[in-house]
Amino acid sequence: MIAWQEPLVDAVYVLAVIVFILGLRAMSSPATARRGIVQAGVAMLIAVAVTFVIPGLRESNFALIAIGVIIGSLAGWYWARVVQMTAMPQMVAIFNGMGGGSAAAIAAVELLGNLSNTSVSGLSLAGAIIGATSIAGSMIAFLKLQGWLRSKPIVYPAQQPTNIAVLVVGVALGTYAVWMTQTIWLLPFFLLMLLFGFLLALPIGGADMPVVISLFNALTGIAVALDGFALVSGPLGDAGYAMVIAGTLVGAAGSLLTLLMAKAMNRSVGNVLFGAFGATEETGTTIQGSMKPIEADDVAAMLAYANTVVIAPGYGMAVAQAQQKVKELADLLEAKGVTVKFAIHPVAGRMPGHMNVLLAEAGISYDKLFDRDEINPEFPNVDVVLVIGANDVVNPAAHRAGSPLQGMPILDVENAHNVIVIKRGQGKGFAGIENDLFYKDNCHMLYGDAQAAVGKLVTALKKMD
Amino acid sequence: MAADLWTALFIGILAAFVGYEVISRVPVLLHTPLMSGSNFIHGIVLVGAIVALGFSTTPLEQAIGVVAVIMGAMNVTGGYVVTERILAMFDRSKKRGGP
């Protein structure tokens, strides 16, 4: 007897997967993106609902499932709702970590129940390795982004041999558990895999977070797909196919985004993961010239009489939550007939597209935002560039042989007639490298917190009317 | 069951190419919603968690299963809400933005 449930469940999963793909495709344009995610949301809801009618689920577990779904959904919904927009990178990190954790936990259940089924247990083992790495690494990323853990790389002697040893011993224990069908070895296996995830993320610094968040997102996708393979080859079947497709989709998309981010810094993903970039400071280079401070009133006058002003924001704008003030400044300048554009570096901030999100939050139209490649040829004709809390992404040291930044594609702001840098103090950027830009003749420093400094500019501009 | 595994492998390989193709055209502007949206899509893990918990028999399996379901539900709900909030801002900025 074929029950009605199975075809229904399969049909719903097929439809859901189609909507997921279309939903991600809709992300290629701002006009369709929102509709795409809403449709994917509805599809996900139906896919989850229909899972309850899968034949063979033990009814005695339904209450547990319901409790879990309710607790998790309320927690996720509440947290994602109340959090500030500036905390988005850590939110993405934590929800991604939850996905990795869930994948690892599913793998644990599969391992406990099907240890003697080699294909299920082998695939679950792989899912557990990647899922556990993803949750542990994402938690470290969350703690760093939240500021609860030092965002500078955390290094110790023999770091990589230690990490590799943890990974190898962990995987060996897991393999042994499967081989000998002894569940007891699974516990140290899981603990070591979590430890490996922590250790992997510790030496990675704040400015490398766009690569790292994206990478862990891809890893969770792969872990979900591996769990899917395990379910398919076990007795639990159908849900596995949906997980294989959705998980692989995300794994591929996330890997591509990770590579794009690494490329934007002219570094390999391996270098980002293992390079502990920014842990050491550059020594031995001396830069000619000096940093020239400037007052807000003078900057305001300079901006008011410019034809074109380009604003280059960075993480400092996010930290100071200055985006509303920046919007106010842009509006005032436009009212005076100044053309205002925004130059966005792909890795400015702490996640891919971070600056775009913050400026959108402030209500700045996205047709004023320009990519590095679009805006770079325009700088020679720009009167004033206002650098707000960005450092390494505008550092011309990237063009200098021997600099740690060498080869990183940057915003060539130094080609503009005047550059004003808003910066808290004279300190170095994240990479610990002196910024040649600050010493150029056409560059002046406006010291202060980004929000306060832009606020002063706004006040000064208003006085001029 | 081995046949199912091979089928899944074929499907998985095709899905990887689809993922690559679909994403390669996304502009920098939408990198955050793309990442956050794909974060939501792997929330499908909740379906697997429900199945795993639904079939579990021992108290240990049930306990781990509940953890899987809670985390999966957080992933899917949080991922959705974050993505929706970000995209809502892009909507608004389009309407509000001047020439």
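Predicted model: local features only at pLDDT ≥ 70, side-chain atom pairs only at ≥ 80, totals over all residues.
In this tour, a residue is called buried when its relative accessible area is under 20%, exposed when over 50%, and partly exposed in between, using a 1.4 Å probe and the protein chains only.

Residues are numbered from 1 along each chain as its sequence is written, chains are lettered from A and ligands numbered from 1 in the order in which they are written, and side-chain values use heavy atoms, with hydrogens and water left out.

**Stop 1: aromatic rings**

Over all chains, the structure holds seven aromatic pairs. For such a pair, rings of Phe, Tyr and Trp (its six-membered ring) must have centres within 6.5 Å; planes under 30 degrees apart are stacked, over 60 edge-to-face, and the rest tilted. Helices here are DSSP runs (H or I, at least four residues), as are strands (E, at least two), numbered from the N terminus. A:Phe62 is also partly exposed, at 28% relative accessibility.

Next, select A:Phe189 and A:Phe190. Their ring centres are 5.0 Å apart and their planes stand at 70°, so this pair is edge-to-face. A:Phe189 is buried at 0% relative accessibility, and A:Phe190 is buried at 16%.

Now show A:Trp79, A:Phe95, A:Phe142 and A:Trp148 together: ring pairs link them into a cluster.

**Stop 2: charges over rings**

A charge sits over a ring if NZ of Lys or CZ of Arg is within 6 Å of the ring centre and within 35 degrees of the ring normal. Select A:Arg350 and A:Tyr315 to find the charged end of A:Arg350 over the ring, 3.6 Å from its centre. Then try A:Lys341, whose charged end sits over the ring of A:Phe370, 5.2 Å from the centre.

**Stop 3: a buried glutamine**

Go to A:Gln90 in helix H4 (residues 88-113) of chain A. A:Gln90 is buried, with a relative accessible area of 7%. Which side chain does the side chain of A:Gln90 make a polar contact with? Look for A:Gln146, at 3.2 Å. The A:Gln90 side chain also reaches the backbone oxygen of A:Leu145 at 3.4 Å. (A polar contact is a pair of N or O atoms within 3.5 Å; within protein, one must be able to donate a hydrogen and the other to accept it, and residues adjacent in sequence count only if both atoms are side-chain atoms.)

**Stop 4: salt bridges**

There are nine salt bridges over all chains, each a side-chain nitrogen of Lys or Arg within 4 Å of a carboxyl oxygen of Asp or Glu. Select A:Arg34 and B:Glu84, whose closest N and O atoms are 2.9 Å apart. This pair crosses between chains, from helix H2 of chain A to helix H4 (residues 59-96) of chain B. A:Arg34 is partly exposed at 27% relative accessibility, whereas B:Glu84 is buried at 14%.

While you are at chain B, note its four helices and zero strands. Of its 99 residues, 61% count as buried.

Back in chain A, pick A:Asp208 and A:Arg267, a salt bridge with closest N and O atoms 3.1 Å apart. A:Asp208 is in the loop between H7 and helix H8 (209-233) and A:Arg267 in the loop between helix H9 (239-264) and helix H10 (269-274), so the pair ties together parts that are 59 residues apart in sequence. Both A:Asp208 and A:Arg267 are buried.

**Last stop: two backbone spots**

Select A:Ala158, in the loop between helix H5 (118-146) and H6 of chain A. A:Ala158 has a positive phi of about 55° although it is not a glycine. Finish at A:Gln321, another residue other than glycine with a positive phi, near 50°. A:Gln321 lies in the loop between helix H12 (315-320) and helix H13 (323-335) of chain A, and is partly exposed at 35% relative accessibility.
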